[in-house]
Amino acid sequence: MQQVFVENKNVDNCFIIGGEDAFHLIKVVRIKPGEKVRVSTSQSSYICKVKDIDGESVILDIVCEDENTELSNKIYLFQAIPKGDRFEGIIEKCVELGVYEIIPVEMKNCVVRLDDKKKASRIKRYQAIADTAARQSKRSLQPIVKDVMNYKEALEYARANCTVKLLPYECAKGMTNTFEVLDSINKDDNIAVFVGPEGGFDSMEINLASDFEVISLGKRILRTDSAAICMASMLMLKSEELNL
């Protein structure tokens with residue numbers, strides 16, 4: 001079943017899909033009347049049936065409301081910009097796992113340095129990857145990839161939006177504190193996760209995040225993309241547990 005995101009709520013129990021989504025449904029999927037499509041607004045998700053294909057638009061009748069597939073916790077991933085195409089894999093997997101926002105962060109030990117032109121083009125591509133992953137995984141909303149922030153900007157953004165702030169650090173010892181921190185998370189907490197670059201966090205960056213929970217991900221050193229996916233997986237399981 002195809003997934004479509006729309007901004008507006010349904011009118012008279014139907015949706016009229018246009019633009020790129022309609023092009024994809026008509027030209028790529030070759031959807032036919034009678035086939036079902038899942039439509040998500042910012043409020044609800046619906047199972048719909050194709051009523052008609054009118055030129056460059058697809059008209060959908062609502063069959064029933066569908067379950068919300070979002071986590072009870074909003075997870076904000078503050079990801080140090082990695083080299084190569086690793087960020088694309090991070091976005092894809094973390095969107096599938098339920099991350100709410102992804103914020104690229106320039107940290108001291110990042111290998112990659114982007115100028116303003118490259119930042120804009122990268123964010124556009126990253127958002128397209130997030131949108132595709134959200135449709136594939138039947139998310140009920142489209143996760144946002146924010147503009148690149150420096151480390152101090154990222155800290156302030158996390159403090160303003162999140163009640164739980166986590167920083168996995170290779171120098172942290174033992175998993176006991178990690179389990180205790182996860183157990184303390186409540187339903188509807190907004191959670192910030194800072195994942196460092198290939199070169200690790202600078203000691204000054206750790207000091208600047210003195211109000212964060214510094215946790216361990218085990219005895220092994222994880223690559224930056226592995227750490228992001230590990231954290232997203234752990235928090236997804238915790239959030240799902242809170243919904244039981």
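**Helices, pockets and cysteines in a predicted model**

Reader: To start with helix α2, what covers its buried residues?

Author: The cover includes the strands β6 (74-80) and β7 (101-106), together with the helices α3 and α7. Please keep in mind that this is a predicted model.

Reader: Which residues of α2 are buried?

Author: Helix α2 spans residues 86-96, and Phe87, Ile90, Ile91, Cys94 and Val95 are buried in it. Viewed down the axis of α2, these buried residues lie within an arc of 115°, so they line one face of the helix.

Reader: Why would residues a few places apart point the same way?

Author: An α-helix has 3.6 residues a turn, so residues three or four places apart point the same way.

Reader: And just after α2, which residue takes a positive phi?

Author: That residue is glycine 98, with a phi of about 110°.

Reader: Let me move to α5. Which of its residues are buried?

Author: In α5, which covers residues 176-183, the buried residues include Thr178, Val181 and Leu182. The arc they cover around the axis is only 100°, which puts them on the same side of α5.

Reader: What does the face turned away from that buried side carry?

Author: That face of α5 carries the exposed residues Thr176 and Asp183.

Reader: And what covers the buried residues of α5?

Author: Strands β10 (164-168) and β12 (213-215) are among the elements that do so, as is helix α7.

Reader: Where is lysine 219 found, then?

Author: Lysine 219 sits in the loop between β12 and α7. Its relative accessible area is 83%, so lysine 219 is exposed. Between lysine 219 and lysine 173 there are 46 residues of separation in sequence, yet their C-alpha atoms are 8.0 Å apart in space.

Reader: How much space lies in the second largest pocket?

Author: The second largest pocket holds about 360 Å³. Its lining consists of 22 residues, and Glu170, Ile221, Leu222, Arg223 and Ala227 are the closest to its centre. Helix α7 (residues 224-242) gives the largest share of this lining, three residues. Sorted by class, the lining of the second largest pocket has nine nonpolar, six polar and seven charged residues.

Reader: One last topic: how many disulfides does the count come to?

Author: The count comes to zero disulfides. Cysteine 64, for instance, is in no disulfide, and the nearest cysteine sulfur, that of cysteine 48, is 8.5 Å away. The cut-off for a disulfide is a pair of cysteine sulfur atoms within 2.5 Å.

Reader: What is the relative accessibility of cysteine 64?

Author: Its value is 37%, so cysteine 64 counts as partly exposed.

Note on methods: Residues are numbered from 1 along each chain as its sequence is written. This is a predicted model: local features need pLDDT of at least 70, side-chain atom pairs count only at pLDDT 80 or more; totals for chains, interfaces and linings use all residues. Side-chain values use heavy atoms; hydrogens and water are left out. Buried means under 20% relative accessible area, exposed over 50%, partly exposed in between (1.4 Å probe, protein chains only). On a 1 Å grid over the protein atoms alone, a cavity is a set of points where a 1.4 Å probe fits but cannot get out, and a pocket is an open set with protein on both sides within 12 Å along at least five of seven lines; lining residues have an atom within 4 Å of a point. Grid points are joined across faces, edges and corners, and a volume is the space filled by probe spheres set on the points. Helices (H or I, at least four residues) and strands (E, at least two) are DSSP runs, numbered from the N terminus. Ala, Val, Leu, Ile, Met, Phe, Trp, Tyr, Cys and Pro count as nonpolar, Asp, Glu, Lys and Arg as charged, and the others, Gly among them, as polar. The arc is that of the directions from the helix axis to the C-beta atoms. Contact means heavy atoms within 4.5 Å.
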